[in-house]
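Please keep the sequence and the structure in view while reading.

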Amino acid sequence: MLKVVKIIMICLVVGLAVAYFTPVYLCRNLYYPGTVINGIQCGFKTPDYVEHVIHEKASDYNLEIKFRDGKEIINGDDVSLKLDYMTALQEIKANQNPFYWPTTFVNHEYKIEKIITFEEDLVKQKLDKFKELKRANMKSPKNPTIEFKDGKAVSVPGDQGNSIKDIAQVKNLVSDCIRYLKPELDLEAEECYEVSQFNVESPGVVKCVDYCNQIANLDIEYDYAGKFIAFTPEELYSTIDISNMYETKINEGKVERLLKKFSQEHDTFGKVRKFRTRGKDELELDSDDYGWLISVEEETPALYADLVHKKNIKREPAFDCRAYTYVDENNDIGDFYCEVNIGAQHMYVYQDGKMVLESDFVSGCVANGHGTPGGLYYITFKQSPAVLKGADYEVNVSYWMPFNGGIGFHDANWRGAFGGDLYYYGGSHGCVNMPYYAAEELYSIAEEGMPVIVY
């Protein structure tokens with residue numbers, strides 16, 4: 001009986017020894033049974049095997065660098081990227097004493113990180129080849145511009161450019177991304193670009209735009225014989241000076257240029273007008289002393305002051321020359337005028353576009369060089385009665401209406417006939433001699449400034 005017990009004990013000891021020492025032998029080069037690394041069952045596996053399972057290829061890594069005007073890629077192989085798990089795996093194995101394998105019944109779960117290495121010099125060499133990082137290819141950012149669009153002043157964002165503030169900072173950011181295997185680097189988000197001093201929301205820019213619109217929205221109208229002509233918002237805006245710091249002021253020189261432009265567009269002085277006669281002929285008329293002409297020299301300081309003080313105005317500007325009426329820039333005769341046909345020795349007076357008077361007359365004597373000159377004139381004034389004097393004459397008339405210096409309409413009671421060809425040899429010194437009744441009626445109709453067309 002003792003012998004059987006002894007044999008059993010020996011077998012039991014041998015069995016336990018085998019059970020203990022077999023794992024001891026295996027665990028010399030293998031992980032404890034039950035070892036879990038990064039979620040992978042690694043019991044009785046070598047570090048080489050585990051490294052093969054969790055290995056990552058450096059060539060699979062790409063870093064995308066986003067620039068404002070494009071993107072660039074850096075591959076792991078470009079910078080000799082190394083992803084090392086083996087050091088950590090071997091450290092785990094070194095800490096697993098084979099003789100302590102029974103501790104596998106206690107948790108043996110590990111979380112390891114790869115050791116990342118790369119060549120910084122290769123990173124620099126790679127970045128140095130990127131066109132986006134060459135100063136010669138960089139454009140500095142621009143401040144907003146103030147422009148006039150769709151009837152108002154607006155601030156337009158300037159070109160942001162593509163100038164990098166600090167290239168060394170970019171290189172550090174790239175290295176950090178590689179160090180942590182980040183897939184993307186957005187230089188815009190990292191605020192790597194230079195920014196303009198001002199943007200459209202800068203207080204100075206907002207204030208500038210507001211001022212420009214205050215000036216542009218002023219109601220400034222000039223009175224041309226009851227017809228009001230307004231400056232456009234864009235024209236008023238054109239008088240403003242805007243500094244690089246968005247300071248604003250009215251420029252008197254620009255006001256003068258605006259008035260010259262306004263005069264060229266709207267004034268009638270010096271322009272050829274088309275006029276249709278009673279006989280339906282079309283005349284082209286110009287004049288040296290009839291027509292609207294702004295006095296730019298006198299009006300410039302007045303308009304400048306109005307703009308500086310932001311005044312809405314409706315007034316007559318300073319004129320160097322005037323006309324009787326204003327229909328448009330090509331018509332300052334209108335429908336109230338006197339038409340004098342020298343060839344026919346007949347005249348017509350129109351009021352509101354209707355003929356209200358016609359009469360024969362005798363004009364200046366052609367034979368002695370006193371022919372009445374043709375052209376566009378206006379009645380300078382009216383006088384009744386009047387004494388007309390010349391080098392060789394002095395006559396009393398009841399109605400005197402000069403329109404061209406000393407030449408004008410007047411009654412001529414010393415004449416017994418009018419019209420025909422009397423003016424060739426028996427004409428006046430240049431005046432238009434009229435029958436008394438006609439001169440009287442013209443006098444009652446005529447006004448100072450009334451247009452007179454002689455042809």
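In strand 29, V340 has V454 as its bridge partner. This is a predicted model, in which local features need pLDDT of at least 70 and side-chain atom pairs count only at pLDDT 80 or more, while totals for chains, interfaces and linings use all residues. Residues are numbered from 1 along each chain as its sequence is written, and side-chain values use heavy atoms, with hydrogens and water left out.

Helices (H or I, at least four residues) and strands (E, at least two) are DSSP runs numbered from the N terminus, and two strands pair if DSSP finds at least two bridges between them. The pairings of strand 20 (residues 337–341) and of strand 11 (residues 220–224) with strand 12 are set out below.

| Strands | Bridges | Sense |
|---|---|---|
| strand 20 and strand 21 (residues 346–351) | five | antiparallel |
| strand 20 and strand 29 (residues 451–454) | three | parallel |
| strand 11 (residues 220–224) and strand 12 | four | antiparallel |

Strand 20 is largely enclosed by the rest of the structure, because five of its five residues are buried; buried means under 20% relative accessible area, exposed over 50%, and partly exposed in between (1.4 Å probe, protein chains only). In a regular strand the side chains alternate between the two faces of the sheet. In strand 20, Y337, E339 and N341 point one way and C338 and V340 the other way, and all are buried.

An open sheet of three strands has the order 12-11-18, with mixed pairing. Strand 12 (227–230) and strand 18 (313–315) stand at its edges with a single partner strand each, so one side of each is left without a neighbour in the sheet. Neighbouring strands of this sheet are turned by 20° against each other on average, direction ignored; axes are lines fitted to C-alpha atoms, for helices over the stretch in contact, and angles run from 0 to 180 degrees between N-to-C directions. The bridge partner of D223 is F228, in strand 12.

Helix 8 (residues 252–266) lies across strand 11 and strand 12, running at about 45° to strand 11, whereas helix 9 lies across strand 11 and strand 18, running at about 155° to strand 18. Helix 9 (residues 296–308) holds E299, which counts as buried because its relative accessibility is 2%. Leaving aside neighbours within four places in sequence, E299 is in contact (heavy atoms within 4.5 Å) with Y222, L259, I294, R315, P317 and A318.

## A helix pair

Helix 2 (residues 47–54) and helix 3 (residues 86–94) pack at an angle of about 145°, with their axes 10 Å apart. The contact is made by P47, D48, V50, E51 and I54 of helix 2 and by M86, L89 and K93 of helix 3.

## Cysteines

Which cysteine sulfur is closest to that of C212? The closest is in C208, at 4.2 Å, which is too far for a bond, since a disulfide is a pair of cysteine sulfur atoms within 2.5 Å. By this rule the count comes to zero disulfides. C212 counts as buried because its relative accessibility is 0%, and C42 likewise counts as buried, at 1% relative accessibility.
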